[in-house]
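Please keep the sequence and the model in view while reading.

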Amino acid sequence: MSAVSNFSPCCYGGRSVSFVGSNSMLRSTAGIHWRATAWASRRFENDTFRISRLALHHSRGAIKDPSIRMTLVDERLARRGNVAKHSEILAYDLVQGALVRWSSVVDSSLPDPPTAVFLHGILGSRKNWGTFARRLAQEFPTWQFLLVDLRCHGDSTSIKKRGPHTVASTALDVLKLVGQLKITPRVLVGHSFGGKVALSMVEQAAKPLARPVRVWVLDATPGKVRPGGDGEDHPAELISFLSTLPKEVSSKRNILNALIQEGFSKDVAQWVVTNLRPTNSLGPSSSTFSWVFDLKGIAEMYQSYEETNLWKIVEEVPRGVHINFLKAERSLHRWALEDLQRIHAAEELAADEGGGVEMHVLEDAGHWVHTDNPDGLFRILSSSFEVVKS
């Protein structure tokens, strides 16, 4: 797979833009010069989001800013180019399919391509979704995918946010960001804590959310958070242990070993140390590392996650909203029988056309669904991107 990416990277309003697709679909010159082939026209002739050859053709004269330089690069370089400068609201990446109209980035008068927003869980970051989003962009080239660092996480940590740090305030951040970017999400995907954030986005505002909009809540329930059983990782305990560690450490390996000795799984320990960055510009050879998250704020966010109840939005699902719950077969998160029964009851109540509730199970996966079984998750989520309705 190849990608068209920008160097510096090229950012619009604080975002980095990656174009993902195959070499057969893209050609690059010193300016931007694209031609949709007959294949592309036939491929999308039945899609309501039609791609015309005119819309995909840009002459050299269309690009007035000489600082914008595009080149074909391999996937490895494209991944580096995904690192975005943050807006004043949140840090984010925008991964775009090959057939997304280039002009929509620089000309807001053109119709927006359909957009999906991906939200990570506690102690995660937008990078958790990078590989998965690029795969979606290649398979569904008319779509774009917005990946964000939630408040107190990743590159958004440097953007100071007023408390309280809650599910609701986190959702409002994302709503403000999509409003600033003038995009209207048609799909929201949230993992764990991010799943409740997605539900809260629907609860708080009809716009800038589209109708219809599909919401995916991955391995999370709308209400009470039940910790796993013996031998399973407990987020509250993990946050508490991390708060005892120094803000700067000399070795990632030492932190990894300390987490494992404390009883956390190797997978979780390896995931946690991805939040360590070199403290200076020397790169990986730096002698010290520091955490990129605001742990005090994250502790508040997790407490809110445990306490927030969003069953009402599920049991009284708004018209035009379809809420999908995905339970991991081997989830560390304990799904109670009453939760499953309540979701199935909500399925029956949501009978209005264009709205609904649906339950899915991802086989052979624990809580980390996008790494445990990415192929299975891809197949389940793909139904949301196959048809774009006006």
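The model is predicted, and local features need pLDDT of at least 70, side-chain atom pairs count only at pLDDT 80 or more, while totals for chains, interfaces and linings use all residues. Residues are numbered from 1 along each chain as its sequence is written, and side-chain values use heavy atoms, with hydrogens and water left out.

**The helix pair**

Helix 4 (residues 130–139) and helix 14 (residues 374–381) pack at an angle of about 45°, and their axes are 12 Å apart. Helices here are DSSP runs (H or I, at least four residues) and strands likewise (E, at least two), numbered from the N terminus. Axes are lines fitted to C-alpha atoms, for helices over the stretch in contact, and angles run from 0 to 180 degrees between N-to-C directions. Because of this angle, helix 4 is oblique to helix 14; angles under 35 degrees count as roughly parallel, over 145 as roughly antiparallel, 65 to 115 as roughly perpendicular and the rest as oblique.

Helix 4 contributes Phe-132, Arg-135, Leu-136 and Glu-139 to the contact, and helix 14 contributes Pro-374, Asp-375, Leu-377, Phe-378 and Leu-381. Contact means heavy atoms within 4.5 Å.

Within helix 14, the buried residues are Gly-376, Leu-377, Phe-378, Ile-380 and Leu-381. Buried means under 20% relative accessible area (1.4 Å probe, protein chains only). These buried residues pack against several elements, including helix 4, strand 8 (185–191) and strand 9 (213–218).

| Residue | Relative accessibility |
|---|---|
| Ser-384 | 5% |
| Ile-159 | 9% |
| Ser-304 | 10% |

Ser-384 lies in the segment after helix 14. Its side chain makes a polar contact with the side chain of Arg-214 at 3.2 Å. A polar contact is a pair of N or O atoms within 3.5 Å; within protein, one must be able to donate a hydrogen and the other to accept it, and residues adjacent in sequence count only if both atoms are side-chain atoms. Apart from neighbours within four places in sequence, Ser-384 is in contact with Trp-143, Val-187, Arg-214 and Trp-216.

Ile-159 is found in the loop between strand 7 (144–148) and helix 5 (167–180). The C-alpha atoms of Ile-159 and Leu-90 are separated by 7.1 Å, although these residues are 69 residues apart along the chain.

Ser-304 belongs to helix 10 (residues 295–307). With neighbours within four places in sequence set aside, Ser-304 is in contact with His-165, Thr-166 and Val-167.

Technical notes
Buried < 20%, exposed > 50% of the residue type's maximum accessible area, 1.4 Å probe, protein only.
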